[in-house]
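Reader: Hi! Could you walk me through this one while I have the model open?
Author: Happy to, ask away.

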Amino acid sequence: MDARQMKIKAAEAALSHVEDGMRLGIGTGSTAEEFVRLLAEKVADGLQVQGVPTSERTARLCLDIGVPLKSLDELPELDLTIDGADEVDADLRLIKGGGGALLREKIVAAASSRMIVIADETKVVDTLGAFPLPIEVNPFGLLATRIAVEKLAARLGLSGEIKLRQAAEDAFTTDGGHHILDASFGRIPDAEALAIQLNSIPGVVEHGLFINIASFAIIAGEAGARTLKAK
């Protein structure tokens, strides 16, 4: 089973949790896109859902293949969000934001009664941090914010390059008009402490640590899909 087939397996398992009439948060990324394609088939067969996308990219895909959408202002309370992750540990702590949609992903997930993570086995880790942590920042005062993040990391005993994400020759810009710092810490022993202290830096808009947000994860591997619940 190749990587895409595993993503499809996870998406199929998540789709079984979608019920008629649901208000659905729809995630961003390659695994979430497989879910969108499967969801569109169910919609074509008569399933009634209203989706809130977590990115412009997801919105375009949904509109192209027939998944009905609303804005979060129109549907401020959601039944379920289904989204991928860049890393997930045994306590369902996540790193998200590799695709640059972490702010909207976190807002949508927080507006939902439940969040199901869909991923393949390669995303499961013992300790978060091998995947660079995305930190969404305001363009104003970018250097000052970067220095503040570097000082915070040093206080917490974290090391590794913190660099501005690029898109071709320019800085990557999120759907919200922000930039992203990617922090290659390698290992984050205390994700909760880092999350709290990143939130105290004024120029940080949001970060990719999703803690106490996911209800459970559906992890696909060679043997099929399994459910990962917090210890």
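Reader: How many bridges join β1 to β2, and do they run parallel or antiparallel?
Author: In this predicted model, five bridges join β1 (residues 22–26) to β2, and the two strands run parallel. Strands pair if DSSP finds at least two bridges between them; strands are DSSP E runs of at least two residues and helices are H or I runs of at least four, numbered from the N terminus.

Reader: What stands opposite L24?
Author: G51 in β2.

Reader: And which order do the strands of the sheet have?
Author: β2-β1-β3-β6-β14-β15, an open sheet of six strands with mixed pairing. β2 and β15 (224–228) are the edge strands, each pairing on one side only.

Reader: Switching topic: what volume does the second largest pocket have?
Author: About 210 Å³. A pocket is an open set of points on a 1 Å grid over the protein atoms alone where a 1.4 Å probe fits, with protein on both sides within 12 Å along at least five of seven lines; lining residues have an atom within 4 Å of a point. The volume is the space filled by probe spheres set on the points, which are joined across faces, edges and corners.

Reader: Which element gives the largest share of that lining?
Author: α4, with three residues; β2 (49–53), α3 and α4 (102–110) each give two or more.

Reader: And the largest pocket, how much space lies in it?
Author: About 400 Å³. Among its 26 lining residues, T28, G29, G98, G99 and G100 are the closest to its centre.

Reader: Anything on numbering and confidence?
Author: Residues are numbered from 1 along each chain as its sequence is written, and side-chain values use heavy atoms, without hydrogens and water. Local features need pLDDT of at least 70 and side-chain atom pairs 80 or more, while totals for chains, interfaces and linings use all residues.
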